[in-house]
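Please read the following notes with the model open beside you, and look up each residue as it comes.

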Amino acid sequence: MGDVFTPINFGLLLLGTIGGLILGATPGLSPTMAVALLIPFTFKLEAAQGLILLGAAYTSTVAGGAVSAILLKIPGAPANIATTLDGHTMAQKGQGARALQLSFLASAVGGVFGVMLLIFLTPVLAQWALAFGPSHLFWLAILGVTVIGSLDGGSVVKGLLAGCIGLWLATIGFDDIMGAQRFIFHDAVAGGINVIPALIGLFAIPQVITMFAKGRVRLDAEVLEVKRHPIGEAVREVARRGRALSIGTITGSVIGLIPGVGGQIAGLVAYDQSKKMSPERDKFGTGHSEGVIAAESANNAMVGPSLVPLLTLSIPGSPTAAVLLGGLLIHGIFPGSDLFDNNPDVAWTFINSMLIGQILMCIFGLYVAGLAAKVAQVPNAVMAAIVLGLAVFGSYSVQNSMGDVYVMMALGTGMYFLERFGFSAAPLVLGLILGPIAEANFIQGSMIANATSSVGQYFFTGALNIALIAVVVASIAYSIWMELRQRRYTTKDEAVAKEEALS
């Protein structure tokens, strides 16, 4: 632990933490992109110093994405999608500072828990991660698809339809396995639809159009009042919401361990499960603090476990972990079972810095929360112009391509009209993310099955497959039951209201 507090190492930790918060709050600059942009700056540093900078940026970028997700309804990273569902509504009610405080506190709790798992359970968890093959990852993606239905607060059917649109968008481009060309109707989509421009367009452009539609007229009802919120009250509220915090932390830790899944799915699944298990489930989507706490604790809890397969098996657990693998190899460090034997100083300095980085992220994040909440006081016309500029910059910077900007604008405009009919962006984005995971693992699983056994036997036998299938069926049944129950109560309330009006 002492190596982390040397002047150079601690300075790099502070730099990575503060820089990560800023990059995370910028729409379009995902954790993966932030880490990739910083790798060239580590060439002249020692291996441990470079990893401290990259690890701090990774951790704080995930948490920093909550700033734009809450204040602008634009997730700073895919991992912050679920945060927009309640966080932005809280900001509209003048509770932007409170929402940000809750998000950073929950991120710190989830992040510390995830890093503790990385420290104490690495050998055991690495062996468990190996148990997930193509069939299991396929069913896990299908489980995510079943979650789609309950993400749309208005209707399970509309949620599933939006998810299906996202699954279709995921097929555009060239098939990664077979190389087949699909739905390439313009050069801009020849390489498929990149999730970052899609994410920016689906969440940002409808907001921009809405803000521009209001014009420059300032009505009292349109001004978002920003109320100061004591940090002590936020700490007590996070402690009271132990159920949502536990669900988010555990869900994020488990999903983070599974290679290739990512924080965006962890946040959405944690949000969905917290909503299903909460006695206040009707408040989700209306500015409920449990939604913010569950989502943010999950997306930061996955950071530590996602590095378990990387450090022990050389298998990246997330796209950002894959970039970190490149950073390790550049410095001549080869992850694997003997990493802690051959380079223990590098490995443990890196892990300890991530633990301390979580605490620093919380401290600086809470400070940022009080200042960032003032963004809500910017006039609509000015905010719309700023958001549109950030959206164009973020989309173009992904691949230095105007094609991504065209895709972003097209998807955003389409989403604006879909929202008029009661559809939500979150299910659509989740379908876009899950599509490639489900397709690639199904094709790989089919190839393995054709060489060893039947497809049915490969996908429908085995304890882990059966357990995942059972969870999928239970998730579908529960979502349908909840909607029928809600409709029944709504019908009763309308009938009572009608009787009272007649009397």
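1. Glu 439 counts as partly exposed, because its relative accessibility is 24% and the buried class ends under 20%. In this predicted model, the side chain of Glu 439 meets that of Arg 182 in a salt bridge, with 2.4 Å from N to O. This pair links distant parts of the chain, since Arg 182 belongs to strand E2 (residues 181–182) and Glu 439 to helix H21, 257 residues apart.

2. Helix H21 itself covers residues 425–452, and its 28 residues reach 41 Å from the first C-alpha to the last, which is close to the 40 Å expected at 1.5 Å a residue.

3. How many salt bridges does the structure hold? There are seven, and one of them joins Arg 98 to Glu 237, with the closest N and O atoms 2.6 Å apart. This pair, too, links distant parts of the chain: Arg 98 is in helix H5 (residues 96–120) and Glu 237 in helix H10 (residues 231–240), 139 residues apart. Both Arg 98 and Glu 237 are buried.

4. Lys 276 and Asp 272 form a salt bridge in which the closest N and O atoms are 3.2 Å apart. Because they are four residues apart in helix H12 (residues 263–277), about one helical turn separates them. Both Lys 276 and Asp 272 are buried. Elsewhere, salt bridges that share partners join Arg 241, Arg 243, Glu 280, Lys 283 and Glu 290 into one network.

5. Turning to aromatic rings, a search of the whole structure finds 10 aromatic pairs. Among them, Trp 139 and Phe 460 form an edge-to-face pair, with 5.5 Å from centre to centre and 70° between the planes. The pair links distant parts of the chain, Trp 139 lying in helix H7 (residues 134–151) and Phe 460 in helix H22 (residues 455–460), 321 residues apart. Trp 139 counts as buried because its relative accessibility is 11%. Trp 139 and Phe 460 also belong to one aromatic cluster with Phe 138, Phe 442, Tyr 458 and Phe 459.

6. Charged side chains also lie over ring faces: Lys 158 is over the face of Phe 423, at 5.9 Å from the ring centre, and Arg 420 is over the face of Tyr 416, at 4.5 Å from the ring centre.

7. Finally, the structure holds zero disulfides. As for individual cysteines, Cys 164 is partly exposed, with a relative accessible area of 46%, whereas Cys 362 counts as buried at 11% relative accessibility.

Note on methods
Residues are numbered from 1 along each chain as its sequence is written. This is a predicted model: local features need pLDDT of at least 70, side-chain atom pairs count only at pLDDT 80 or more; totals for chains, interfaces and linings use all residues. Side-chain values use heavy atoms; hydrogens and water are left out. Helices (H or I, at least four residues) and strands (E, at least two) are DSSP runs, numbered from the N terminus. The expected span of a helix is 1.5 Å times one less than its number of residues. Rings of Phe, Tyr and Trp (its six-membered ring) pair if their centres lie within 6.5 Å; planes under 30 degrees apart count as stacked, over 60 as edge-to-face and the rest as tilted. Buried means under 20% relative accessible area, exposed over 50%, partly exposed in between (1.4 Å probe, protein chains only). A charge sits over a ring if NZ of Lys or CZ of Arg is within 6 Å of the ring centre and within 35 degrees of the ring normal. A disulfide is a pair of cysteine sulfur atoms within 2.5 Å. A salt bridge is a side-chain nitrogen of Lys or Arg within 4 Å of a carboxyl oxygen of Asp or Glu.
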